[in-house]
Each structure stands twice: as C-alpha cells, then as structure tokens.
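I opened my notebook on a structure that was new to me. Here is what I looked up.

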Amino acid sequence: MLYIHIGLQKTGTTALQLALARSCQLVYEFDKPKRVFNELGATLYSSGNQNFFVKCKQNKFSEKDIKLLHSGGFISSENFTNLVSGTTALKNLLTALKNDDVPYEILITIRNVDEYIESLY
C-alpha cells in the first residue's frame with residue numbers, strides 16, 4: 001500500500017518525515033527543509049519529498065517511479081497543500097496511480113487554527 005501524506009505546515013510534518021526516513025519507509029529520499037517561494041512570492045520552508053513533488057507537478061513519471069510506487073511506503077510533502085501547484089501535482093499523481101492500478105491511501109495532518117497562529121510567534 002502506498003500512503004500519501006499531505007501535511008499542513010506546523011502539524012509535525014517534518015518530524016514525521018524524519019521518522020519515516022530513519023525507518024526507511026519513504027519511497028523517495030527525504031529532502032531536508034529548505035526555503036522555497038510560492039506563486040505569490042511568499043517565502044515558505046518545505047521538506048519531505050520535494051524532488052518527487054516537482055515530478056508530480058510536471059506530470060513526468062518514469063517507469064522506475066511507477067515501479068517504486070507499486071512497492072508501497074510513504075510519500076510526504078507539505079507542497080501538496082499549496083492551493084495552486086499542490087492541487088495540480090496531487091491530481092497528476094492520483095491520475096498516474098489510478099492508471100497504473102497502484103493502491104493508495106491519503107493521510108492528512110491538520111491543526112487547530114488557534115494553535116497554528118500561536119506557533120507562528
């Protein structure tokens with residue numbers, strides 16, 4: 001089974017990704033947190049399977065990618081929460097999984113908005 005983790009920022013996403021990487025459960029290598037810019041020019045910090053997210057966004061999956069996805073494990077990226085490129089990337093990924101009969105589950109981590117705002121300070 002392939003698990004797709006969509007973690008909103010400040011929901012423990014990076015901690016989960018580090019634990020999955022240490023236990024070798026991530027399908028793709030863990031990309032350490034780095035500064036990225038969204039379509040509106042805002043600075044964000046993102047981690048997880050960023051390089052794989054770019055493949056999803058560009059809809060460029062190789063046979064090797066599909067084989068890895070069939071093997072199961074976790075994909076995790078905060079980037080899937082981006083309302084512009086994230087939804088496109090997720091749609092491309094889910095279409096590829098459906099076309100190649102890869103079983104998957106989507107896991108989403110969220111946080112109470114009051115706690116989220118408090119954690120920004």
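How much accessible surface does the protein have, and what share belongs to carbon and sulfur atoms? I found about 7,500 Å², with 55% belonging to carbon and sulfur atoms. Accessible areas come from the Shrake-Rupley method with a 1.4 Å probe; for residues, only the protein chains shown count as cover.

I noted the ground rules. This is a predicted model, where local features need pLDDT of at least 70 and side-chain atom pairs pLDDT 80 or more, while totals for chains, interfaces and linings use all residues. Residues are numbered from 1 along each chain as its sequence is written, and side-chain values use heavy atoms, without hydrogens and water.

Next, the fold. I read five helices and five strands (DSSP runs, H or I of at least four residues for helices, E of at least two for strands, numbered from the N terminus). Their order from the N terminus is β-α-β-β-α-α-β-α-β-α.

I then checked burial. Of the 121 residues, 37% count as buried (under 20% relative accessible area; exposed is over 50%, partly exposed in between, with a 1.4 Å probe and protein chains only).

I looked for salt bridges (a side-chain nitrogen of Lys or Arg within 4 Å of a carboxyl oxygen of Asp or Glu). The count is one. K55 and D65 form a salt bridge at 2.9 Å, N to O. K55 sits in helix α2 (residues 50–58) and D65 in helix α3 (residues 63–70), so the pair ties together parts 10 residues apart in sequence. K55 is partly exposed at 29%. D65 is buried at 2%.

Last, I searched for disulfides (cysteine sulfur atoms paired within 2.5 Å). I found zero. C24 is exposed at 68%, whereas C56 is buried at 0%.
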